Amino acid sequence: MLTILASVGWPLLTVCVSVFSLPNLATNANWNDFYLDASKNISGDFVAQQLSLFAGWHVHEAGSMPNNLLAAQIVSDWRRWNWPVVRLVNFSVRLPQGPLISGPWNRIALVDATTNKTLHVMKNFVNVKVTEKLHMRNDTCASEVFPGRPGDNCTAYRFPAYIAYSRPGAALGRPVFINYGRTSDFKTFSASHPRAGDLCSRDVVVVVRQGWTGFSSKLSALVDFCRGVKPPECSAEQCLPSAMLIYPDPADAVPPSGAIFPEGIGLPGDAPIFRTASMAQLGGGDAQTPFLPAIEEVYKTEDFEKATLMTIPVQSISYNDAEKIFETMTGPPVPRDWSPCMPRFLGPSGSTKVDLVVENVIPQNTSTITNVVGVIPGSSNEADQYIIFGNHRDAWVQGASDPGSGTAILQAVAFALGTAYSKGWRPLRTVILASWDAEEIGLIGSTETTELWREELNHRAVIYLNQDCPIKGNATFNGRTDQLLADALLASAAEVYLDPPANRSLLDYWRELQGKAHGYLPDTLPPLGSTDHVPFQYKLGVPSMYPEFRPAYPMFDAPSYHSEYDSVEMAVKFTDPPSVTGELLPLHRLLAKLILNLIFRFSSSPVLPISASTLASSLNRSWVEFERFAYSQIPDIRTHGIKLEYVSSKIARLIDSSHSFELWTRKTETGNPRCLFVLNNILAKLSRHFILTFGDTAPRHVLIDASYATSHEKSYFPSLKKAVQKLAASNSTKDLKQLKLELSILTTALESAANWMLGGVVGLENLLNGCGTPLSFPRDF
């Protein structure tokens with residue numbers, strides 16, 4: 001296994017294209033037949049075996065030996081499953097670490113406020129149970145592989161709990177509760193507590209619950225709040241609480257029935273949660289090489305500690321331990337808007353303090369992270385167009401849900417596609433699978449790859465399909481997707497079927513879960529963020545998709561998320577229990593078939609199933625709502641020289657151009673199919689027109705960002721909405737200038753996209769006539 005890692009190093013991914021003939025209709029026009037045959041290889045036993053292989057073994061953090069061995073396993077599997085190209089892509093980065101395995105580990109205790117006598121010691125570790133004992137040629141207990149302490153049982157051991165990028169240090173302070181630690185929560189706290197300003201004191205430890213925002217966002221909101229209530233000359237050491245504790249509240253992690261593992265899907269009370277909390281404002285990637293790949297030849301110009309470490313120590317605790325803290329707290333009652341939650345009072349405590357010591361290690365040396373890339377080259381003049389499906393491999397603890405469910409699906413798809421390839425299937429466009437490293441500590445593996453291959457992917461990537469943690473529960477289905485891909489997702493969902501005796505399509509099941517009548521389509525959702533599609537969707541403009549199953553409300557993520565209970569046993573019993581017929585992991589298999597169908601659809605359809613008109617129509621509806629919002633915030637907005645109708649006209653032009661494009665496509669498909677590649681190239685690059693590369697800032701998407709939204713229409717124009725709100729609050733020249741800039745950026749992007757859909761300067765008619773036999777089109781096209 002290790003010889004593979006040592007000997008295989010690969011440069012930039014390329015697909016060698018010489019002279020291609022026209023598409024082979026025998027292997028492409030009937031791609032659905034290949035899909036039906038390949039999907040038969042996705043069995044419950046196979047998926048369960050893969051889940052056990054990856055989530056029944058050791059803790060496999062980013063860059064660790066166990067995670068590298070899993071990469072070697074994937075290389076071996078994909079080659080054995082007939083993939084013609086399998087490569088490793090390595091990067092050199094500094095990775096955050098927890099306490100040394102040999103100790104001391106982080107310490108959290110509740111102490112008497114007067115005497116400092118210890119009243120309660122909190123859990124600072126997780127229990128790891130290896131269930132896949134024959135894993136990796138019996139390397140489970142090898143000293144260079146085993147991540148536990150020397151002398152520990154190598155199949156049942158403890159591992160220290162920590163928050164990646166937490167600043168090491170000690171803290172002693174009175175606990176104060178701030179709900180989820182959102183900006184809105186600090187505003188509510190300020191209105192509810194008569195001495196809210198005292199929060200920003202070294203004698204305070206803030207306690208917040210997990211959820212709604214990332215850990216770094218919680219700390220950023222705290223810093224912003226304290227800056228607002230303390231004088232500017234006050235230093236961070238003087239004006240911030242001494243530490244932050246984060247816990248999973250039962251209201252978010254236990255179902256209403258109260259059933260916790262091993263009796264149900266709920267999170268037991270003794271589980272601290274792992275997370276990352278890098279303060280680097282990059283949107284992912286190596287903080288020392290911002291916007292450049294972390295390869296050996298690129299200088300690491302940024303200070304690691306300054307760029308990434310949190311301002312104060314941060315540690316996670318279980319909700320049993322959090323309850324001990326809340327029992328001692330007094331002060332004003334918790335605001336009604338924050339209920340349900342464990343604490344009754346905001347604090348501070350009058351009788352106890354939290355004593356915290358974080359022993360996280362700041363690494364001085366770089367580590368190697370390893371991505372695995374598999375390629376099935378295309379077989380036509382569109383072989384330079386890439387259909388990409390990826391999932392990360394590194395995990396907090398064992399990670400059966402995150403990322404084990406996604407990795408099991410990735411492996412099932414790899415096996416099915418390899419089988420189809422061995423039977424003669426050749427895609428029109430190149431298919432790429434990727435197993436990323438270091439997602440959990442800042443989307444590093446995927447982001448560094450997009451930075452290394454930026455120009456190649458910018459010209460060749462068509463779509464990116466993501467999984468990560470797709471089986472969070474079994475109560476709801478979310479079709480998270482860029483709206484350009486929404487129609488394709490609905491079409492594939494109609495061709496993927498649930499297990500007997502249901503025998504109905506995922507589309508029908510999805511419709512039922514949303515309470516829609518027959519004949520109505522279910523709603524898709526924006527792709528959101530915090531996973532490996534971020535660098536593709538929001539930085540490169542590669543439209544992305546992340547379909548997933550979630551638990552029942554009020555739970556949002558898998559209750560066992562990033563804890564010791566995210567295990568194979570939890571997955572097969574509660575997260576994705578067997579079907580009525582006893583077949584294992586039915587939702588894993590359903591999503592594997594959905595992804596497989598999407599890959600066949602995008603790689604082998606003569607016309608790329610990307611819908612510009614769906615996006616354009618949705619933008620039009622969203623813009624109508626934005627205009628209402630803008631006038632409600634600034635009734636006299638026109639007196640500021642703002643003409644919102646400029647954008648309206650550009651959206652109308654995009655609608656017209658997308659409809660015209662669709663007419664050209666239908667005509668070309670029937671009259672001159674050899675020229676479809678011209679139109680496919682336009683579809684594949686459309687989303688790039690909405691990526692802003694303005695000045696020296698990081699690339700960003702003009703239409704959407706990674707924040708949560710309940711519909712596509714509500715997700716559009718986030719930068720404009722913020723600019724309007726700022727101008728309404730300040731009425732300043734600076735904020736007016738920013739609003740005009742954002743409107744100008746949007747107008748330019750819409751004009752560019754509409755012009756692109758019409759063939760640019762050359763025009764669609766000339767592009768197509770230059771490809772082959774001229775066609776006759778009405779002049780009003």
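## The 371-569 span

The ends of residues 371-569 lie 28 Å apart, taken at their C-alpha atoms, and the span is 32% helix and 20% strand. Helices (H or I, at least four residues) and strands (E, at least two) are DSSP runs, numbered from the N terminus. An unreviewed UniProt entry places the feature "domain: Peptidase M28" at residues 371-569. UniProt annotations may be inferred rather than shown by experiment.

This is a predicted model: local features need pLDDT of at least 70, side-chain atom pairs count only at pLDDT 80 or more, and totals for chains, interfaces and linings use all residues. Residues are numbered from 1 along each chain, and side-chain values use heavy atoms, without hydrogens or water.

## Domains

The chain is divided into domain 1 (31-95 + 365-604), domain 2 (164-358) and domain 3 (612-768). These bounds come from an automatic or database domain assignment. The centres of domain 1 and domain 2, taken over C-alpha atoms, are 31 Å apart. Their contact (heavy atoms within 4.5 Å) takes 34 residues from domain 1 and 39 residues from domain 2.

## Helix H16

Which residues of helix H16 (residues 506-513) are buried? They are Leu506, Leu507, Tyr509, Trp510 and Arg511. Buried means under 20% relative accessible area, exposed over 50%, partly exposed in between (1.4 Å probe, protein chains only).

The buried residues of H16 pack against strand S17 (476-481), helix H15 (486-493), strand S18 (544-550) and helix H19 (586-604). Just after H16, Gly515 has a positive phi of about 70°.

## Tyr708

Tyr708 sits in the loop between strand S20 (700-701) and helix H23 (712-715). Tyr708 is partly exposed, at 48% relative accessible area.
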